[in-house]
Every structure is written in structure tokens, then in C-alpha cells.
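Reader: I have just opened this model and would like a guided look around. Could you take me through it step by step?

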Amino acid sequence: MEWKSLLLQLYDYLIVANEDGVICACEGEGPVFSGNISGHKTMDELETKLFTEGVYSQLKEGLKKQVFRQTAWMGIDVLTTVFKEKNHFYFAYTHLVPPYIEKENAASGNFKSSSFIVNSQAMEEVAFKLQKVAAVGVTVLLLGESGVGKEMAAKTIHQIGNRSDKPFVSINCGAIPDNLLESELFGFVDGAFTGAKKGGVEGKFRQAHTGILFLDEVGELSLPLQVKILRALEERVITPIGSNKSYPVDIQVIAATNKSLEDAVAKGEFREDLYYRLNVVPIMIPSLRERVEEVPSLVQHFVQKFNARYQKQVSFSPDAVDYLCLQPWPGNIRELENAVDRLIVLSNTSIITSSLIEQIIPPTFPTRVASPMISQLMPLQEAVEIVEEELITMAMEQYKSVKLASNILGISQPTMSRKYKKIREMQKDGGGLLSKRRILEEQLNKHLRSITIVTAVAISPEEVRNAVEDKKNEELRAPLSQKFTTILQQEGGIKWVFVFQMQEDGKVIHVAASDGFVIEPGEEYIGPPEVMKVIYEAFKGRSGVTPLYEDEYGVWKSSIAPLYDEAGKIMAVIGFDYSEEFVNTELQRLSKQLNITL
């Protein structure tokens with residue numbers, strides 16, 4: 001038919017159905033439809049499985065619209081155009097977001113990697129950075145959990161960069177014993193040591209000359225070897241073991257680690273100078289948990305890969321992909337790839353369903369770490385709505401799919417869609433229950449922050465310097481303690497006022513405080529993550545206020561600000577602790593003042 005051949009030239013996939021919605025024919029290709037059409041006889045049945053909202057149901061109700069934007073089961077946007085000829089509907093589909101980047105088909109126009117998956121905002125940012133570093137050949141440090149694709153990112157830099165026709169040499173620094181790793185990296189000459197290979201070995205540095213050297217698991221390097229690698233990176237000259245001759249090398253170095261090198265430096269396990277040499281352009285590759293929307297694309301990619309390897313024609317049903325999207329994947333992409341490999345090898349059917357996966361991979365659904373904060377009495381229905389709003393918002397932020405979010409929350413897709421739409425509208429207008437509380441907390445935080453900043457300005461650098469230089473001398477700390485006592489008398493609700501100093505090793509030390517403070521001067525303070533984060537930010541010059549947090553002494557909100565010397569250098573930070581009771585009272589006061597009902 002002319003219609004059919006014409007439409008297939010313009011669109012990715014075509015489905016023909018009669019006026020009753022019975023599917024008569026389908027043809028084309030694309031990840032949304034491949035392997036997912038068979039077994040579905042009507043458009044209602046098909047669209048229920050594939051899309052969050054159906055088109056045919058709207059046509060049945062007399063809608064005359066011809067172009068629709070739909071979100072498919074794997075999170076891919078599809079543009080659906082409907083044509084009608086005589087007694088048949090023609091549903092023509094165009095994929096708006098490609099499932100994975102192919103050569104000469106990337107959103108950026110020049111991102112040519114055929115296997116680096118980019119189907120989320122987080123990975124688009126990574127891809128942008130990869131293009132930038134590939135263009136100039138700068139040293140790169142790839143960061144991220146094990147299995148997120150750091151080696152693939154390194155290979156992508158090689159593929160799209162100016163050194164693509166030059167060597168790409170990779171070495172795993174954690175997989176080779178230290179005494180062998182040096183010879184692997186730098187090479188050796190004939191007779192350099194007992195058992196040395198006749199004729200010697202060139203070494204990875206020289207093999208990578210004019211190309212790229214990828215140092216994987218660089219955090220596993222021993223300190224003696226770190227010194228030699230640092231010299232090689234600084235001088236770009238290599239001397240093989242047992243040789244007096246040096247060889248210049250022109251290489252781009254890419255290092256990767258799943259460790260925190262900053263922590264390793266602080267512990268003395270990694271040289272600071274080597275860290276800064278490698279950390280020229282750090283690129284953090286997010287975990288799979290942070291880009292759930294890419295799971296369907298990755299599954300499709302691995303299915304194609306293993307089908308070709310094992311000469312099979314296996315596909316995953318939409319509910320199977322949903323099942324995989326809801327798993328935590330602590331091993332990230334490597335674990336997902338192994339799972340798809342295992343499922344294809346063990347499957348006896350052409351279509352893998354969620355029930356089949358459950359037999360091989362037991363479900364592991366994420367659990368909530370902490371319950372929502374209900375900090376005051378309120379009508380039960382309002383409390384239920386607050387919890388519902390938070391859970392729905394959390395589910396959509398994590399899974400970015402109405403279908404997946406409804407699955408994890410155990411409600412129907414229409415209910416999820418309706419409730420989420422209502423929440424979005426209320427939040428946009430500032431009317432959501434959580435939004436109201438956040439508005440009030442922002443106002444309270446501004447007030448508390450201003451008190452802390454004004455107090456910080458009023459304290460002389462000399463007073464702080466005396467207390468910092470001799471934390472045990474009570475006489476030197478007396479002026480600060482007296483000021484803090486006055487502040488407590490003037491400002492209601494403050495439990496403690498304190499000053500902290502940061503040592504070179506990163507420890508936060510108590511310097512001075514109001515009477516009754518829980519730790520002694522000179523002792524290290526280690527608090528919950530919520531307060532430590534704000535304290536560290538203050539040492540960088542950014543004052544801040546914590547959310548309510550709990551420690552062994554109670555529930556608090558703290559406000560922290562930096563204390564500067566005469567030259568504008570941060571000497572310490574000052575903090576105020578407010579009780580939970582005070583915070584709730586202030587929120588109620590602000591709600592009346594701003595006419596916002598909690």
C-alpha cells in the first residue's frame with residue numbers, strides 16, 4: 001500500500017489498526033517496539049503495556065488531534081502521528097531521544113562513541129566534559145563507583161580525540177603485584193634482573209607514546225611507585241629498569257579510581273603532589289542508581305550484544321525491563337551487563353519476562369532510610385498528605401517514570417499520574433504542604449543565618465586568635481565565653497554558641513563555647529553528616545543553616561558562619577545550636593505572620 005511504504009520512509013515504526021483498535025499490521029524497528037508487539041491484539045492492550053498514556057483511547061472519545069507526544073515504558077519520548085484512511089488508523093512513531101549514542105548520531109554532533117550510553121542529563125554532562133578533554137589532551141581523573149563505566153569513558157576520550165589513530169594502552173594498577181607493576185609500566189632491559197625476559201620489555205609508558213595511557217585503579221599504587229610515576233608525569237621522560245638511557249614520551253594520561261583520593265591523601269596513603277598532578281580535570285561518572293532512566297537503553301544495548309554473540313533472538317518484555325529498573329545495582333553497569341548476559345544464556349524462551357527474571361535474580365527493592373519529618377501535631381489527614389506528597393515526589397525524582405514510580409509505590413498508573421500532576425501544580429503555585437513548610441523554613445533559616453553572620457562580624461580577630469592559639473587557657477577564652485553568655489541572654493532559643501577550628505589534617509576542633517557545651521576545648525567534634533557538611537562549607541567561606549538533625553544530645557538546627565582575620569583569611573567558624581522546640585515554635589509564628597497555614 002502506498003500509505004504504508006511512504007510512512008515507513010518517514011517514521012521509525014508503523015502500526016495499522018482498524019476502527020475497533022484491532023492490530024492488522026506492524027512494521028519498522030526501534031527499542032520501544034522491538035520484541036514487544038507480539039501477543040498484543042489491540043491498541044488498547046498494546047498501549048497499556050508500552051505507554052504511560054494511550055492515544056487510541058483518546059481517538060475513541062472523538063479527539064481530532066493528529067500528533068501526540070508519548071512517554072514509552074523505557075523512558076524514551078515518542079512522537080506519534082495518526083493518519084486515517086477509510087476504515088483504518090495508521091499510527092506512525094518517531095523516537096525523539098535515541099536509546100544510545102551511535103557514531104555520527106550524537107546530540108552533540110561529534111560524539112562518536114558507539115557504546116557509551118548517554119540518555120540522561122547526568123550523562124550528557126559527562127559526555128560534554130569528555131568531548132572537552134578529548135579535544136585538548138589534558139590529564140583526566142575519572143571518578144565513580146566500581147562498574148560505572150570509567151574504562152569505557154577513557155576509551156571514548158581516545159575514540160573522539162585527536163589521538164584516536166594512536167595507541168590506547170591500559171593497565172590495572174590494582175591487579176599486578178607491586179614488584180611487577182614497575183617493570184610493566186617502565187619496561188626493562190636485557191639482564192636487568194634475574195628472570196628478566198631476553199631482549200627486555202618496552203613498558204606501557206613507551207607503548208603509549210603519542211597516544212593515551214590509562215591507569216585504572218590508580219588509588220592502589222604503592223607510595224614508592226607513586227614517586228616514580230610522578231617523576232614520569234612531570235618530566236615526560238622514562239628510564240627502563242637496568243638502563244641508563246632515557247626516552248621522552250608524549251602521552252595523554254587518564255587515571256581512574258573508585259576511592260576518594262582526597263581521603264587517601266589525608267591518611268598519608270597517596271602522595272598529595274601526585275594527586276594534584278592527576279586531578280587536572282576530574283570527571284565524576286554517576287552511579288546507575290542516579291540515572292535509572294538509562295537502564296532500558298543499557299538493557300537494549302546488552303541484548304543486542306549478547307544476541308549477536310550467542311546467535312540468539314531474545315528480547316525483554318516491558319515488565320522485565322521495569323523489574324530491572326527497580327533493582328539497586330550496587331555493581332552498576334557491570335552488574336547489569338552480567339545479569340543480562342546470564343538471563344540470555346539461561347533463557348529457554350524468546351521473550352524474557354519479569355517472572356522469569358525473579359527466578360534467577362531475586363528482587364531487591366530500595367528501602368527508605370529515614371521517615372519523613374513530622375515535627376508537630378497536625379490533623380491526621382494533613383500528615384497523610386505530607387507523607388504521600390514526599391513519597392510520590394521522591395519516587396518520580398528517582399525513577400523519572402510514572403510507570404516505575406507507581407510500581408514501587410504499589411498504586412495504579414492513572415492514580416500516580418493524577419496525584420503527581422496535582423502535586424506539581426501545587427508546588428508550582430507554592431501551595432503544596434511540603435512547599436509551604438519549605439517556604440517557612442527558608443524564612444527561618446535566613447533569620448538564623450543573619451544572626452550568626454552579624455555575631456561573627458562583632459567578634460574581634462584578636463579574641464578568636466587568642467582562643468585558637470591556646471585552647472586550654474581559660475583566661476584567653478574568657479572574653480569569648482562572656483560574649484556568648486550575653487548572646488544567650490539576648491537571643492531566645494539558642495542552646496549553645498561555639499567556635500570550631502579546622503586542623504591541617506581536616507579535623508574539626510572545639511575552641512571555645514558557652515557554658516555547658518558538650519565537649520571540652522581542644523577535643524575533636526564529629527557530628528552527623530547534616531551539620532558536618534555545613535561546618536565544612538563555612539570553612540570555605542559559605543555560611544549556612546542545617547536542617548533538623550538528631551544526635552545523642554537531642555534534635556537540633558545549627559547555623560554556622562566563618563570568622564575572618566584582618567587579612568580576610570578564615571581562622572575558625574562560629575555556630576549556634578537551636579532546639580527542635582524552638583524551631584517548631586518559630587515556624588508556627590512565621591506561619592501566622594506570613595498567613596501560611598501548615
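Reader: Which residues of α12 are buried?

Author: Happy to start there, and please keep in mind that this is a predicted model. Seven of the eight residues of α12 are buried, so the helix is largely enclosed by the rest of the structure. The buried ones are Pro 318, Ala 320, Val 321, Asp 322, Tyr 323, Leu 324 and Cys 325.

Reader: At what angle do the axes of α11 and α12 cross?

Author: Two packed helices are described by the angle between their axes and the distance between the axes. Here helix α11 covers residues 295–310 and helix α12 covers residues 318–325, and their axes come within 9 Å. The crossing of α11 past α12 is right-handed. The angle between the axes is roughly 120 degrees.

Reader: Is Gln 311 buried or exposed?

Author: Gln 311 lies in the loop between α11 and β13 (315–316). Its phi is positive, about 55 degrees, although Gln 311 is not a glycine. Most residues other than glycine have a negative phi. With a relative accessible area of 75%, above the 50% cut-off, Gln 311 counts as exposed.

Reader: Where is Arg 236 found, with its positive phi?

Author: Phi of Arg 236 is near 55 degrees, and this residue is not a glycine either. Its relative accessible area is 24%, so Arg 236 counts as partly exposed. Its place is the loop between α8 (223–235) and β9 (237–238).

Reader: Why do the buried residues of α19 line one face of the helix?

Author: Helix α19 spans residues 461–469, and its buried residues are Glu 463, Val 464, Ala 467 and Val 468. An α-helix has 3.6 residues a turn, so residues three or four places apart point the same way. Seen down the axis of α19, the buried residues line one face because they fall within an arc of 125 degrees.

Reader: How far apart are the C-alpha atoms of Ala 467 and Ala 478?

Author: Ala 467 has its place in helix α19, and its relative accessibility of 0% makes it buried. Along the chain, Ala 467 and Ala 478 are 11 residues apart. Their C-alpha atoms are separated by 8.7 Å.

Reader: Which residues form the aromatic cluster that includes Trp 496?

Author: A search of the whole structure finds 14 aromatic pairs. In one of them, the rings of Trp 496 and Phe 517 have centres 5.8 Å apart and planes at 80 degrees, so the pair is edge-to-face. Trp 496 lies in strand β15 (residues 494–502) and Phe 517 in the loop between β16 (508–513) and α21 (529–539), so the pair ties together parts 21 residues apart in sequence. The cluster is made of Trp 496, Phe 498, Phe 500, Phe 517, Tyr 525 and Trp 556.

Reader: Which residue lies over the face of Trp 496?

Author: Trp 496 is buried, with a relative accessible area of 9%. The residue over its face is 5.3 Å from the ring centre, and its name is Lys 495.

Reader: How far is the charged end of Arg 206 from the centre of the Tyr 247 ring?

Author: This is another case of a charge placed over a ring. The charged end of Arg 206 sits over the ring of Tyr 247. The distance to the ring centre is 3.6 Å.

Reader: How many helices and strands does the protein have?

Author: Let us finish with the whole protein. Of its 598 residues, 46% count as buried. Among contacts between residues at least 6 apart in sequence, 61% join residues at least 24 apart. The secondary structure comes to 22 helices and 20 strands.

Methods. Residues numbered from 1 in each chain as written. Predicted model: local features only at pLDDT ≥ 70, side-chain atom pairs only at ≥ 80, totals over all residues. Heavy atoms only, no water. Buried < 20%, exposed > 50% of the residue type's maximum accessible area, 1.4 Å probe, protein only. Helix = DSSP H or I, 4+ residues; strand = E, 2+ residues; numbered from the N terminus. Arc of directions from axis to C-beta. Phe/Tyr/Trp six-rings, centres within 6.5 Å; stacked < 30°, edge-to-face > 60°. Lys NZ or Arg CZ within 6 Å of the ring centre and 35° of its normal. Axes fitted to C-alpha atoms, helices over the stretch in contact; angles between N-to-C directions. Left-handed = near helix turned anticlockwise from the far one by under 90°. Contact = heavy atoms within 4.5 Å.
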